[in-house]
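Please look at the structure below and read it together with the explanation that follows.

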Amino acid sequence: MDLFVEVLFTVHVHIEFCWRCRGKILEVLKNWPERSIQVIVVTDGERILGLGDLGCQGMGIPVGKLSLYTALGGVRPSACLPITLDVGTNNEELLNDEFYIGLRQRRVTGQEYADFLHEFMAAVKQNYGEKVLIQFEDFANHNAFDLLARYGTTHLVFNDDIQGTASVVLAGLVAALKLVGGTLAEHTYLFLGAGEAGTGIAELIALEMSRQTKTPIDECRKKIWLVDSKGLIVSTRKESLQHFKKPWAHEHEHVGNLLDAVNAIKPTVLIGTSGKGQTFTQEVVEAISSFNEMPIILALSNPTSQAECTAEQAYTWSKGRAVFATGSPFDPVEYNGKTHVPGQANNAYIFPGFGLGVVMSGAIRVHDDMLLAASEALAQQVTQENFDKGLIYPPFSNIRKISAHIAANVAARAYELGLASRRPRPKDLVKYAESCMYSPIYRNYR
């Protein structure tokens, strides 16, 4: 408990850059008392969890994420900097709230928004150097993908909603294959939801599939199908799709809903990132179970009320055959005399260890192979005892050990890719990761 209390008090203070600060961001950054910053988590508050646009009231997200960086990944609290960019809000309730403390105007967009973000990114790099990890958190889809593409080659950047979610889900799938058999390429994937999480997960699965089979990634994408609010994403819709959905527009007739898509595609893996509860209906679960002995069903939307189905529904409707995990915690379910324990595909498995690996190796860029390395390390932590309970993720009680192994694997990949700047490379990266992890040690004055 002492660790969590210390973490929360240490990173509770944060910086908020108001739109009116433009032209002075570097000056404000220089007022922060800590000079050695290793990880920054930044949000503009436009897409907070399932709550939507909270404006400056999204500030709890960077604080909370960095608390986990320290508690779970061992990054020093003093090396963490939470930042909120207040560029206004489109939330009418907040705009009309006399007690709202943020900028009382509609969101800045277009070139003005891009210039403001560019000033921020340039100031961070100038003040803290190449090796500070900047994690984008809870930006809206249209900005999240653009920021990652724009700064991925010039800064050390990471988007947990896109890349962290993808990495933890891929780890669960790799582990699940030990239960259901086959390789990634031998399975067919159907997503409900085609936003940051859905397309990010799909792309990382395709990358790993491509790496394993030596097949072009375009071919691997054809094993992965996405359903959005207008139905199955197919080639006839390509002109009207957002750019991040276009790689998933395959040749197929129009299909208007999830149940019809399941029956048409016959997936072995069903993944929910829709943000809408109870969309994996009994008919959907029974359909995928009818042509799979052990269907893999991942209901990933948060919070619990927005999960595509509950653990009890998944196990009951699949007659206890589903390999099931969620984004929210669910209690174990007893079905036909057997207790099934649902796993939780929580990003907290990945991003703290990933951040530690980046920091301890002195990496200057994030490469997709480093995300794959994090997935591999997490999947390797699942034991036979876990599998016997139906789990595809290890117990969270071992998170510090898990984070050390993830950090070591990420750092190893950074060295292999020539992206690590800390020399010489430690001989035992797991032990080195553990030695780098912050733990509070209090003097005994009695």
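D138 touches T43, D44, G45, E46, R47, I48, L49, I61 and D161, leaving out residues up to four places away in sequence; contact here means heavy atoms within 4.5 Å. The model is predicted, so local features need pLDDT of at least 70 and side-chain atom pairs count only at pLDDT 80 or more, whereas totals for chains, interfaces and linings use all residues. Residues are numbered from 1 along each chain as its sequence is written, and side-chain values use heavy atoms, with hydrogens and water left out.

D138 sits in the loop between β4 (133–136) and α6 (141–151). Helices (H or I, at least four residues) and strands (E, at least two) are DSSP runs, numbered from the N terminus. D138 counts as buried because its relative accessibility is 3%; buried means under 20% relative accessible area, exposed over 50%, and partly exposed in between, with a 1.4 Å probe and protein chains only. D138 also has a positive phi of about 60°, although it is not a glycine.

The UniProt annotation "binding site", from an unreviewed entry, covers E137, D138 and D161. These residues are spread over 25 residues of sequence but cluster in space, with a largest C-alpha distance of 6.9 Å. The lining of the largest pocket takes in E137, D138 and D161 from this set. UniProt positions are given in the numbering used here, feature names are shortened, and annotations may be inferred rather than shown by experiment.

Where does D161 lie? D161 is found in helix α7 (residues 160–180). With 10% relative accessibility, D161 counts as buried. Apart from neighbours within four places in sequence, D161 is in contact with R47, F136, E137, D138, F139, E196 and A197. The side chains of D161 and R47 are joined by a polar contact of 3.4 Å. A polar contact is a pair of N or O atoms within 3.5 Å; within protein, one must be able to donate a hydrogen and the other to accept it, and residues adjacent in sequence count only if both atoms are side-chain atoms.

R47 leads on to the pocket. The largest pocket is lined by 50 residues, of which R47, T273, G275, S301 and N302 lie nearest its centre. The elements that give two or more residues to this lining are α3 (60–73), α7, α8 and β7 (224–228), and α3 gives the most, with five residues. About 1,400 Å³ of space lies in the largest pocket. On a 1 Å grid over the protein atoms alone, a pocket is an open set of points where a 1.4 Å probe fits, with protein on both sides within 12 Å along at least five of seven lines, and lining residues have an atom within 4 Å of a point. Grid points are joined across faces, edges and corners, and a volume is the space filled by probe spheres set on the points.

N302, one of the residues nearest the pocket centre, is joined to P303 by a cis peptide bond with omega of about -10°. P303 is placed in the loop between β10 (296–299) and α12.

Helix α7 has 21 residues and reaches 28 Å from its first C-alpha to its last, close to the 30 Å expected at 1.5 Å a residue. The expected span of a helix is 1.5 Å times one less than its number of residues. α7 is mostly covered, with 17 of its 21 residues buried. At the start of α7, a side-chain oxygen of N159 reaches to within 2.9 Å of the backbone nitrogen of D161. Just after α7, G181 takes a positive phi of about 85°.

α7 is also among the elements that cover the buried residues of α14, which include β5 (157–159), α8 (196–213), α13 (351–361) and α16 (399–416). Helix α14 (residues 368–380) has 13 residues and spans 19 Å from its first C-alpha to its last, close to the 18 Å expected. Ten of the 13 residues of α14 are buried, among them M370, L371 and L372.

For "domain: Malic enzyme NAD-binding", UniProt lists residues 162–415 in an unreviewed entry. Over residues 162–415 the chain is 44% helix and 12% strand, and the end C-alpha atoms are 24 Å apart.
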